[in-house]
Amino acid sequence: MSTAHEPLLKVEKLNKSYGRGMSTKNRVQILHDVSFELRRGQTLGLVGESGSGKSTTASCVMGLTGADSGLIEFDGVDLTKLKKAEMRRMRRRIQMVFQDPNGSLDPRFTVADLVEEPLIIHGASDSAERSRRVEEVLDRVGITVKQAQRYPFAFSGGQRQRIAIARALVLKPDLVVLDEPVSALDVSIQAQVLNLLSDLQDELGLTYLFIVHDLAVARLMSHDIAVMNGGRIVEAGTSTEVFENTSHPYTRALLDAVPGARRRAKALAAAGDGPSQEGL
Amino acid sequence: MSHASLPLLSPRPASPDEAPVLAVRGLRTDFEARTGTVHAVRDVTFDVRKGQRLAIVGESGSGKSALAMSLVGLVPPPGRVVGGSISLNGKELVGLDDNGMSQVRGRDIGLVFQDPMAALDPLRTIGSQFVETIRVHQDVSVRTARKMACELLAEVGVNDPARRIADYPHQYSGGMRQRVLIAMAIANDPAVVIADEPTTALDVTTQAQVLDLLAKICDERGNALIMITHNLGIVEELCDSVNVMYAGRFVESTSARSLFETPAHPYSQALLDCVIDPATTRRGAMPAIPGSPPDLSVDEPGCPFAPRCPIGRNEPRCATERPEPRTLSTGAVVRCHFASDITGGEA
Amino acid sequence: MLSTILKKLGVSVATIFGASLFAFILLRKVPGDPARAIAGDTATPETIAALRKSMGLDENILVQYGKYMESIFRGDFGFSYSTGTPVGTLLSQRLPATLELGLLSVIIAIGAAVLTAGMAVYSRRRWPDKALRISSSLAMGSPPFWIALLALMVLSIQFGIFPGPEGRLSPGVIKPPAVTGLFTIDSLLAGQWATFGNALWHLVLPAAVVALGPFAFLSRLYRNQLRGTLRETFVTVARSHGLRRFPVFNRHVAPHGLLSLLPAASLLFADLLAGSLLVEKVFGWPGVGSMTADAIIQKDFAVVQAVLLLAAILYVVVTLLADVLMAAADPRTRVGAR
């Protein structure tokens with residue numbers, strides 16, 4: 001077993017382009033030399049606006065999209081070199097939670113069935129053991145055994161996201177890719193789900209790759225931050241470094257664009273004692 | 001987190017003796033569902049004055065969008081306004097037939113919607129949709145309407161409008177489409193503009209530009225703005241007065257300054273706690289409001305926030321007796337048995 | 001763009017070849033020997049064997065197919081033994097009648113579907129929609145030849161509103177001078193009003209019967225599309241600008257519905273083709289449908305074969321045309337993003 005602080009996930013010079021044909025002029029470069037490290041038990045917030053490449057990066061890490069070049073090293077194994085069967089086995093250690101819980105939960109199955117499904121897919125044959133696991137993980141996210149016999153539509157958005165989290169955690173993964181897990185939820189419910197994710201990380205030693213556009217949420221959840229723009233990582237560092245000693249103008253612009261925060265910054269600058277506004 | 005030290009917009013409510021542009025009294029909107037009647041808007045009362053920027057803040061299911069649609073008579077079936085009054089410059093809108101309401105929509109009340117990507121007909125050019133919008137209310141030629149449209153597009157920041165007006169919606173980015181839609185909403189110079197989550201679907205930098213544009217438009221044209229949002233940051237930035245909506249009712253109506261400095265209702269306080277400034281916060285637990293919003297088909301006897309409220313959870317009175325609106329010394333109108341100027345100060 | 005078009009063309013050619021090959025093999029494998037049918041019951045086995053040889057039926061089936069396709073490319077569609085006429089001649093005689101029937105059916109089907117479904121959706125009452133759903137279910141569930149017989153019995157024989165199964169014109173009415181081969185259009189071109197009336201009178205009932213199936217299918221499609229479009233945000237936005245219900249329906253809802261009908265064109269075509277086969281027979285309509293029905297019964301392979309090939313080609317052309325129209329009508333495919 002590796003120690004903490006050693007990177008669990010290492011991405012190096014990841015490149016990805018889309019387009020038809022072989023000629024380079026029709027191709028659009030989505031990712032340019034994306035590199036980052038994610039240490040075991042920690043959270044990396046991958047921050048950016050739509051089209052920044054953050055979701056494509058997640059998709060490459062999940063093995064859902066093939067990269068053009070680059071290295072994705074998970075626990076010392078380069079995922080880009082794995083064969084299909086090996087990747088399938090690896091996939092139980094890397095799970096994903098999506099933005100829209102409705103899209104990832106088949107409405108025809110009960111919640112208990114939905115959470116059990118990954119166990120069946122990955123070959124857990126003992127049905128009693130499976131039920132025990134399902135019960136345990138559902139209990140952990142705050143869904144009772146009785147509730148689990150109902151269908152997804154009977155649950156609110158926040159509860160559905162809890163179910164999606166349970167589904168991701170039932171296989172006891174090491175790495176969980178969280179793709180905007182709370183952006184479809186109301187503020188008051190967002191907090192509940194985020195706090196649940198934090199608690200689970202502390203208890204189970206999970207590592208999170210957190211794809212997020214909301215800077216406040218990124219700040220609350222992440223140890224490290226990587227800011228993406230136009231397929232490049234423009235600024236990376238610890239949460240404090242990035243948000244308090246912002247060096248890149250794009251990060252500055254993002255921070256200043258947050259409603260409320262923006263007005264306060266303007267007011268402070270007007271009062272003469274505010275932080276300098278370089279990069280704008 | 002304290003907001004007391006922050007400089008706020010100078011409140012600009014017009015002198016109270018000036019007649020409101022829009023006066024809403026006891027408005028109620030129901031949706032007849034198979035499982036029961038959902039009371040989405042319950043007894044909502046407020047005034048909007050000329051030049052005022054009013055926020056209606058709430059989470060999904062609070063009834064804020066149903067309220068917006070009620071104001072222009074576009075509540076989707078099976079919903080309908082079942083009571084109350086909406087008076088626009090003295091003219092009663094509740095009970096007006098569709099033709100009557102059509103003359104009000106766009107001309108007296110303009111609307112801006114949440115999702116700019118879906119708000120324009122993909123088969124028609126921007127110009128054709130714009131000209132149509134102008135000519136519904138103004139007796140001008142297509143040529144003139146097109147010229148007016150170009151001027152409006154320039155006003156909202158569309159470059160080269162004479163060329164861009166011939167483009168189709170898919171040739172515009174999300175932020176640009178929202179600019180176009182804002183231009184359309186103000187094309188007939190309405191006295192009131194209602195913006196229903198106008199930036200929720202946009203990226204944060206685009207959002208900032210669109211908010212700036214809305215502020216500029218209101219300043220220059222002097223129309224009233226009703227901003228419907230879940231984002232308190234937007235309220236702080238743009239609005240001078242606020243109504244906090246919960247379970248179909250306004251639970252706190254006050255100036256923006258008083259809401260941020262002395263939130264009186266426990267729900268307002270909880271919402272404010274959820275506002276996090278990424279520049280100053282540290283990693284850690286997020287303040288959460290426990291539980292989930294109430295079922296709007298049940299008309300509970302007590303305060304709908306009571307089960308989630310730090311005070312109401314333990315107070316039998318909150319479960320049995322519905323709080324009526326009370327005016328505090330700050331001028332805030334609050335529906336809470338326990339809100340006082342003192343609790344506001346503690347927040 | 002170009003590669004998409006080439007891909008579509010390739011698929012089209014493959015479809016035509018595939019269909020012709022499939023039809024060829026299928027027809028050779030049905031029980032019954034065409035040589036025996038031609039030679040008659042009294043023929044000796046030797047005669048039949050000689051006939052088989054002369055018809056090429058003793059060769060490998062793929063060789064037969066190759067020879068057949070080769071003659072097709074020379075413009076020779078084979079010889080119909082049952083009528084003693086080249087198939088090409090038969091087709092050119094029969095095609096205009098079927099075309100006239102098919103065109104009017106399409107106009108009736110689309111017109112009726114757009115009108116009734118439009119009204120059912122625009123009306124905020126429930127009964128028009130219910131009536132449309134019930135009538136389209138009935139129309140979909142009833143076989144066209146049965147409807148044809150029923151219509152003849154009631155409307156022609158009982159009430160005499162429409163003519164009996166006597167073809168395209170009343171006996172004694174002289175054909176208009178052939179220009180297009182469509183009697184209604186030719187008579188108009190010649191200024192023969194009485195002939196036009198007579199041709200139309202004969203045309204309406206069979207066309208309406210053939211249109212019934214496509215109408216049912218199109219009206220449902222159109223209704224569903226309209227109802228979906230009505231829920232779109234841009235409809236609410238247009239209303240919020242002060243447009244009344246009808247202009248919004250007319251300018252922002254109906255066009256989306258009409259656009260959605262285009263991809264259904266190929267299905268519509270197939271529906272028409274299947275419908276016209278027996279309906280033509282029932283009404284005594286001298287078109288390709290009734291000819292094919294006869295040819296199938298008499299195992300006149302050359303005719304059936306040619307009709308199937310023709311149908312495959314037309315089907316492909318209709319599909320391609322619909323694709324092109326669809327791309328041209330939708331600005332999202334016509335104009336690139338900026």
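User: What orientation do α5(A) and α6(A) have to each other?
Analyst: The axes of α5 (residues 127-141) and α6 (residues 157-169) of chain A come within 9 Å and cross at roughly 140°. Helices (H or I, at least four residues) and strands (E, at least two) are DSSP runs, numbered from the N terminus, while axes are lines fitted to C-alpha atoms, for helices over the stretch in contact, with angles from 0 to 180 degrees between N-to-C directions. Under 35 degrees would be roughly parallel, over 145 roughly antiparallel, 65 to 115 roughly perpendicular and the rest oblique. So the word for α5(A) and α6(A) is oblique.

User: What kind of model is this?
Analyst: Residues are numbered from 1 along each chain as its sequence is written, with chains lettered from A and ligands numbered from 1 in the order in which they are written. Local features need pLDDT of at least 70, side-chain atom pairs count only at pLDDT 80 or more, and totals for chains, interfaces and linings use all residues: the model is predicted.

User: Which hand does the crossing of α5(A) and α6(A) have?
Analyst: The rule is that a crossing is left-handed if the near helix is turned anticlockwise from the far one by less than a right angle, and right-handed if clockwise. By that rule, the way α5(A) passes α6(A) is right-handed.

User: How many residues are charged in the contact of α5(A) with α6(A)?
Analyst: α5(A) brings A:Val137, A:Leu138 and A:Val141 to the contact (C-beta atoms, placed from the backbone, within 7 Å), and α6(A) brings A:Arg162, A:Ile165, A:Ala166 and A:Leu169. Ala, Val, Leu, Ile, Met, Phe, Trp, Tyr, Cys and Pro count as nonpolar, Asp, Glu, Lys and Arg as charged, and the others, Gly among them, as polar. Here six are nonpolar, none is polar and the charged count is one.

User: Which strands stand at the edges of the six-strand sheet of chain A?
Analyst: The sheet is open and mixed, in the order β6-β7-β8-β3-β9-β10; strands pair if DSSP finds at least two bridges between them. One side of each edge strand lacks a neighbour in the sheet because each has a single partner; these are β6 (94-97) and β10 (232-238) of chain A.

User: What is the bridge partner of A:Met96 in β7(A)?
Analyst: β6(A) pairs with β7(A) (residues 175-179) in the parallel sense, over four bridges. In β7(A), the partner of A:Met96 is A:Val177.

User: At what angle does α1(A) run to β8(A)?
Analyst: Helix α1(A), residues 54-61, lies across β3 (43-47), β7, β8 (207-212) and β9 (224-229) of chain A. Its angle to β8(A) is about 150°.

User: And what angle does α1(A) make with β1(A)?
Analyst: Chain A also has an open antiparallel sheet of four strands, β2-β1-β4-β5, whose edge strands are β2 (28-39) and β5 (77-78). Five bridges pair β1(A), residues 7-18, with β4(A), residues 69-74, and A:Leu9 has A:Phe74 as its bridge partner. α1(A) packs on this sheet, touching β1, β2 and β4, and its direction makes with that of β1(A) an angle of about 115°.

User: Which pair of chains has the most contacts?
Analyst: Chains A and C don't touch, with their nearest C-alpha atoms 10 Å apart. Of the two pairs that do touch, the most contacts are between chains A and B.

User: Which helix gives the most to the side of chain A that touches chain B?
Analyst: That contact takes 36 residues from chain A and 34 from chain B. On the chain A side there are 18 nonpolar, twelve polar and six charged residues. With eight residues, the helix that gives the most is α7(A).

User: Which helix supplies the largest share of the side of chain C that touches chain B?
Analyst: Here 21 residues of chain C are in contact with 27 of chain B. The chain C side splits into seven nonpolar, seven polar and seven charged. The largest share, six residues, comes from α10(C).

User: Which residue stands opposite B:Asp30 in β2(B)?
Analyst: β1(B), residues 22-33, and β2(B), residues 36-48, run antiparallel and are joined by nine bridges. A hairpin connects them through two residues. Opposite B:Asp30 stands B:His39.

User: Which hand does the crossing of α6(C) and α9(C) have?
Analyst: The axes of α6(C), residues 127-141, and α9(C), residues 193-230, come within 8 Å and cross at roughly 145°. α6(C) passes α9(C) in a crossing that is left-handed.
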